[in-house]
Amino acid sequence: MPHRITARPARAETAPGAKDAASVALAAETLAEVPSRVDHDPAVVSAFLSDAAHVPGGYAAGVTFPRHEAEVAAAVAGAAGVLVVGAQSSLTGGATPRGEVVLSTRALTAIGTPSGGLVTAGAGVPLVALQRALTSAQLYYPPVPTYDGAFVGGTIATNAAGAATFKYGSTRPWVAAITVVLANGDVLDITRGETLAGPEGFEIALSTGAVRHVPIPTYQMPRVAKLSAGYFARPGMDLIDLFVGSEGTLGVVVRATLRVIPRPRRCLALVRCSGDRQAVAVTAALRAEAHLAWDGGGALDVAAIEYIDPLALRVVPDEAFTRAGVARPPDGSVLLLLQIEIAHDEGSALERLGTVLAANGVDDDPCVTRADDDRGAQRLLDLREAVPASVNAIVAAAKARVHPGIQKTAGDMVVPFDRLADSIALYRRAFEQRGLEYAIWGHVSDGNLHPNVVPRTIEDVQRGHDAILDIARAVTAMGGAPLAEHGVGRSALKQQLLREVYGEDGIEQMRAVKRALDPTWKLAPGVLFSRDP
Ligand SMILES: Cc1cc2nc3c(=O)[nH]c(=O)nc-3n(C[C@H](O)[C@H](O)[C@H](O)COP(=O)(O)OP(=O)(O)OC[C@H]3O[C@@H](n4cnc5c(N)ncnc54)[C@H](O)[C@@H]3O)c2cc1C
């Protein structure tokens, strides 16, 4: 398999608002003739100065909204520094500019007609719009993060994962092809399986005739259910995997071809457990049921299990329970929210669920939404989303009232499932020893939880950072990783965690990759790691 790929000059392929990206090839334009429109109006620029991490101090040289590949290429080629952004739902400050031109992908919204289990989508397509388009063809794109407003390009750039990663994996294996604009404005069309690393890595021939040699880092990546921790590296790896998860530092994803599946029917079930011990046992039993179902021998196909701990439940306001039509559970309870896929018979799946819960001593009947009850399902999902929303509101209030430096202080930990109970105990110990208030929730079926500090003072934030660092080291020792799905971005803490995972040498090997593809450090500078050690 070749390890060499040839880049091409950009073409204006997709007209604004085109319905089918593949069918609207326009006459080729040369890059120099494409105007790069950068908007400097402070009223426009100010809307792009922060992301969902709410790190203060974002500033930008301007913002541009390219409508097709050639405009992306012109914008990138013409700028000294570029930060590409999608929906700016980053939780790491990775989509907060620090003086670059912000390249918003929001006008790259073409969605192709699905065919052969594949669909082509522009980088700026929000996942919710993609799912809507797929629903009419009874299709579904599975590896979605909890926030479905995220854009296709952003989720590829962060290798996003979510609740159903347990069944479907993270974004990476669902990306069949991408078109990427490189730092010099050239374009790569990368199809999975066509360009594999040789012993020296990859060779990329630019349209100028120059050849870029891209080395592959030699570090061992943690073997975990999900990982968003810098550059993917493995002997013989696929070139596409270098760009998936590279957080905008190696190229701008313009469009992607994604694998899709027939739309599954699903029920949701909200299960109340008496505490962590029971929640872990129930989750283990349900995972086993799911594996049985996937092997063709069981009725209970559980695609996702979400966990909300007693302290997280405490911060959720009463109205959120009322809206969900659920009574607030007694203090000390843990809630599990299950997604159950129904291939054939809903009745036998739910009967099996009852048996498993009873065998694990769960007293209450679960609150279940039937397979076609989309509204009921949404109400339960909204209750789950009320947890991070409530914690974020507390952080924002403390920041406004107590100290402007107060910020979200949270972990994104993943452990091998057999260490789940140990990891939860570890999170509690690390926070409680420091006198911190906290809440824990997340994708428990993957062993991926988000321990969050609920800060009252600026000192809590500092103590929280110390706790997360200690947790990260212990999680790594358990065979897990402290950077599961949100990425690294520009967060000093997450960049430190990246160094913990790969060491300074590993970061230096990532720098070598970056230097080969982006010698002037133009794309997302300061994201993942600094330019200098
Ligand atoms: C409420 C909430 C819940 C969330 N839940 C999850 C979850 O369950 N799982 C999860 O993985 N994440 C989750 N996230 C984080 C976030 O949604 C994901 O990281 C998402 O993938 C970011 O997509 P975006 O379009 O917002 O990208 P942005 O935030 O705009 O950008 C993120 C990074 O990707 C780069 N980038 C963006 N577009 C491109 C492109 N076209 N080409 C190259 N680089 C690009 C940016 O430079 C930046 O470094 C959540 C966030 C929120 C606010």
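Tutor: Helices here are DSSP runs of H or I with at least four residues, and strands are runs of E with at least two, both numbered from the N terminus. The model is predicted, so local features need pLDDT of at least 70 and side-chain atom pairs count only at pLDDT 80 or more, whereas totals for chains, interfaces and linings use all residues. Residues are numbered from 1 along each chain as its sequence is written, and side-chain values use heavy atoms, with hydrogens and water left out.

Student: Which element gives the largest share of the shell around the ligand?

Tutor: Helix 4 does, with four residues. A residue is near a molecule if one of its heavy atoms lies within 4 Å of it. The ligand is surrounded by 36 residues, and the closest are Val84, Gly86, Ser89, Thr146 and Ala161. At least two shell residues come from each of strand 3 (82-85), helix 4 (152-157) and strand 11 (252-259).

Student: Which polar side-chain atom lies 2.6 Å from an oxygen atom of the ligand?

Tutor: A polar contact is a pair of N or O atoms within 3.5 Å. The side-chain atom in question belongs to Ser89. A polar backbone atom of Gly86 is 2.7 Å from a ligand oxygen, and a backbone N or O atom of Gly154 lies 3.5 Å from an oxygen of the ligand. Of the 960 Å² of accessible area that the ligand has on its own, the protein covers 94%; such areas come from the Shrake-Rupley method with a 1.4 Å probe.

Student: At what angle do helix 7 and helix 10 pack?

Tutor: Axes are lines fitted to C-alpha atoms over the stretch in contact, and angles run from 0 to 180 degrees between N-to-C directions. Helix 7 (residues 276-294) and helix 10 (residues 346-359) pack at about 145 degrees, their axes being 10 Å apart.

Student: Which residues of the two helices meet?

Tutor: Contact means heavy atoms within 4.5 Å. Val282, Ala285, Leu286 and Glu289 of helix 7 meet Arg352, Leu353, Val356 and Leu357 of helix 10.

Student: Where is His54 found?

Tutor: His54 is in the loop between helix 1 (42-45) and strand 2 (62-64). Although not a glycine, His54 has a positive phi of about 55 degrees.

Definitions and conventions:
Polar contact = N/O pair within 3.5 Å; in protein donor to acceptor, adjacent residues only side chain to side chain.
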